[in-house]
Amino acid sequence: MKIELRSLHVKGCGPLEDVTIDFTDAEGKPRPVTVIAGANGSGKTTVLESIVGLAEMLQSNEFNNLNNTFFRNLPDLPTAIPYSRVLQEAKQIKIDWTVSDGGFHQINGLLLNFSKNEERHLNYWSLERKQGRLQLASEEINGLAAMIRWQAGQNITSLTSLYPNKIISPSILYFPHPRKIFPVSGTQLTDEETRYHWVYRYENAQDFKGSLDAYLCWLAFIEPERPGVFTEVTEFLDSLDFDGKKFNLKRTKLKATVTTREGHTHFLEELSAGEQNILIMLLELRRRLLPGSIVLIDEIESSLHEAYQHMLAQALLKIQRDIPFQLIVTTHSKTIAKIFGWDSVVILTDF
C-alpha cells in the first residue's frame, strides 16, 4: 500500500494567506522528492505542520466511531486537537492524497475498500475553521482511519511478519526542527521495540526511555534473542562514514559510544550538531520506515556544511531506492535545492 500527497491548500494561517502547494510533476504524478524553499518566516514549517496536523486527526479519538457519512462534525477544535497550532489558527486546510495498491480485507469487522492496483484520490479532506467540520469525500478515508486504529501501538516487525497477507498502512514520519541528542543515563532497560505510529513526530528525548541511547542499548542486550540486529544497526551507522568514526556500546554505563579514527571514545551527544542531525534522521528511518510512507523534514540542512548536506541527501535517496517513500523537505539552502534538482523545488519566497 502507498499513500502520496498530491496537493495542499492552506488559507489564513500565519504567512500563508492563500497558498496551494503542488507535489506532482509535469505528468501529474506525485514527485518522489519535493523541496519547499524560502526565507525564514515564509511559511515552510507551517506547510509541514498543516500536513501533519490534518493527518493526526485520523488517529484522534473523534474518529473512534466512524461511519460512512461524508461529513462529521467535530467539537471545539482546540480541545479535540490540542497539539496542533495550525489547526487552531487556520481558516482552511485542504489536502489531496492518493491511495494505491490496495485490496479487500476484513479487519475488526470493517471492510477496507481499496481497489486493487487502482489509485483513489482522497479529495476535499479539509478543515473548515468556521464550521469546525472535517469533510470526508470518500469511504477510503474511513477505511484508512480503521486501519490506523487497528495497527496503533503494534510492533512493526510483528505487524509485517504476523499479517503478511493484510494491507499494512504506511505512516508519516515528521522531523521538526531542531533535532539534537541530549545526554541521558539509565539504570534499567525498558522495552524499546518500535511501535506503529500513523504520524510519528520526532521529539528530542531527555530521558533514557525513547532516546537513541536506549534503543541501541536495548538492541545490544537482546542480542541473544535476536542475534545480529545490533551488529546490523552499528554497521549501518559505521557506513555513514563520519570521518571514520565507529559506533559501539559501553555496557557498564548503558551508553552508546563513538570511537574516532584516532582511537578516542566519546558518547553520542558529543558528536557535532551536524552529525547528530544526520544520525537522528537516518537511524529513525532505519527503525521506523514502512514502504509507501511519507517523510517530512523541516530545515533539512540545519547545522550541516555542504559535504554533510550531500552525504545526507545521497543517503536519503539510497534508502528511497530500497524502501520507496515520498520525501518532502524544507530548506533555505540553495545547495539542497541543487542536490535534489530544481525540478523538485517549490519556492515560497526568494531565498
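This is a predicted model: local features need pLDDT of at least 70, side-chain atom pairs count only at pLDDT 80 or more; totals for chains, interfaces and linings use all residues.
Residues are numbered from 1 along each chain as its sequence is written, and side-chain values use heavy atoms, with hydrogens and water left out. Local features need pLDDT of at least 70 and side-chain atom pairs count only at pLDDT 80 or more, whereas totals for chains, interfaces and linings use all residues.

Helices (H or I, at least four residues) and strands (E, at least two) are DSSP runs, numbered from the N terminus. Helix H9 covers residues 306-322, 17 residues in all. From its first C-alpha to its last, H9 reaches 25 Å, close to the expected 24 Å; the expected span is 1.5 Å times one less than the number of residues. Among the buried residues of H9 are Tyr 308, Met 311, Leu 312, Leu 316 and Ile 319. Buried means under 20% relative accessible area, exposed over 50%, and partly exposed in between (1.4 Å probe, protein chains only). The cover over the buried residues of H9 includes helices H8 (273-288) and H10 (334-340), as well as strands E3 (33-37), E15 (293-297) and E16 (325-331).

Thr 46 belongs to helix H1 (residues 44-56). Thr 46 counts as buried because its relative accessibility is 7%. Apart from neighbours within four places in sequence, Thr 46 is in contact (heavy atoms within 4.5 Å) with Cys 13, Pro 15, Leu 16, Arg 85 and Val 86.

Lys 246 is found in strand E12 (residues 246-250). Its relative accessibility is 46%, so Lys 246 counts as partly exposed. With residues up to four places away in sequence not counted, Lys 246 touches Asp 238, Thr 257, Val 258 and Thr 259. Arg 261 is 15 residues from Lys 246 along the chain, and their C-alpha atoms are separated by 7.9 Å.
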